[in-house]
Amino acid sequence: GKTTVAKLYGAILADLGLLSKGEVVYKCSSDFVGDVLGASEKNTKGIIQSAEGCVLVIDEAYALYSGGNSPNAYNDPYKTAVIDTIVEQVQAKPGADIAVVMLGYQAEMENMLSKVNPGLSRRFQ
């Protein structure tokens with residue numbers, strides 16, 4: 001299902017000249033999160049760099065937001081760093097040779113997009 005659609009999407013983008021390779025790099029949200037300060041940013045930048053020319057699929061992307069719905073909810077700084085780095089990297093290179101696709105359950109994704117870095121929701125619709 002998801003991987004097949006991502007492969008078709010990559011092929012279409014490559015045929016249109018929007019991606020140089022059109023291959024799919026499939027990652028889960030946990031692949032980005034580090035265990036020490038600075039590791040999440042480093043992991044995220046490395047994954048984005050390795051996916052150049054490809055479709056980067058982030059499965060269960062809603063797991064990058066741990067804040068919950070309550071006003072006193074804890075927001076994991078390691079996960080926040082991933083989101084902020086994705087926004088920074090996508091924003092830094094308009095027309096970059098990458099397509100980022102974030103997958104997840106609709107309600108959880110909408111909740112995440114409404115609560116994290118506002119730059120993310122402007123780039124993912």
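D59 and K2 form a salt bridge, with the closest N and O atoms 3.0 Å apart. A salt bridge here is a side-chain nitrogen of Lys or Arg within 4 Å of a carboxyl oxygen of Asp or Glu. The pair links distant parts of the chain: D59 sits in strand β2, K2 in helix α1 (residues 2-15), 57 residues apart. Helices (H or I, at least four residues) and strands (E, at least two) are DSSP runs, numbered from the N terminus.

Some ground rules. This is a predicted model, where local features need pLDDT of at least 70 and side-chain atom pairs count only at pLDDT 80 or more, while totals for chains, interfaces and linings use all residues. Residues are numbered from 1 along each chain as its sequence is written, and side-chain values use heavy atoms, with hydrogens and water left out.

Back to the pair. Is D59 buried or exposed? D59 counts as buried, because its relative accessibility is 8%. K2 is at 46%, so K2 counts as partly exposed. The cut-offs: buried is under 20% relative accessible area, exposed is over 50%, partly exposed is in between, with a 1.4 Å probe and protein chains only.

The structure holds two salt bridges. The other topic, then, is E88 with K45, where the closest N and O atoms are 3.9 Å apart. E88 lies in helix α3 and K45 in helix α2, so this pair ties together parts that are 43 residues apart in sequence. E88 has 39% relative accessibility and therefore counts as partly exposed. K45, at 38%, also counts as partly exposed.

Three strands make an open sheet, in the order β1-β2-β3, with parallel pairing. β1 (24-28) and β3 (99-102) stand at the edges with a single partner strand each, so one side of each has no neighbour in the sheet. Neighbouring strands are turned by 20° against each other on average, direction ignored. For that angle, axes are lines fitted to C-alpha atoms, for helices over the stretch in contact, and angles run from 0 to 180 degrees between N-to-C directions. Two strands pair if DSSP finds at least two bridges between them.

How many bridges join β1 and β2? Five, in the parallel sense. Y26 stands opposite V57 in β2. On the other pairing, four bridges join β2 (residues 55-59) to β3, again parallel. There, I58 has M102 of β3 as its bridge partner.

β2 is mostly covered: five of its five residues are buried. In a regular strand the side chains alternate between the two faces of the sheet. Both faces of β2 are covered, with V55, V57 and D59 buried on one side and L56 and I58 buried on the other.

Next, S29. S29 lies in the loop between β1 and α2. At 7% relative accessibility, S29 counts as buried. The S29 side chain reaches the backbone oxygen of E60 at 3.3 Å. That is a polar contact: a pair of N or O atoms within 3.5 Å, where within protein one must be able to donate a hydrogen and the other to accept it, and residues adjacent in sequence count only if both atoms are side-chain atoms. Not counting residues up to four places away in sequence, S29 touches I58, D59, E60, A61, A63 and L64. Contact means heavy atoms within 4.5 Å.

On to helix α3 (residues 77-92). At 1.5 Å a residue, its 16 residues should span 22 Å, and the end C-alpha atoms are 22 Å apart, which agrees. The expected span is 1.5 Å times one less than the number of residues. At the start of α3, a side-chain oxygen of D76 comes to within 2.8 Å of the backbone nitrogen of Y78.

Which residues of α3 are buried? They are A81, V82, I83, T85, I86, V87 and Q89. Their cover includes α2 (39-50), β2, β3, α4 (106-115) and α5 (118-123).

Last, two residues that touch. S40 lies in helix α2 and, at 1% relative accessibility, counts as buried. Leaving aside neighbours within four places in sequence, S40 contacts F32, V33, G34, Y78, A81 and V82. Y78 is in helix α3. Y78 counts as partly exposed because its relative accessibility is 26%.
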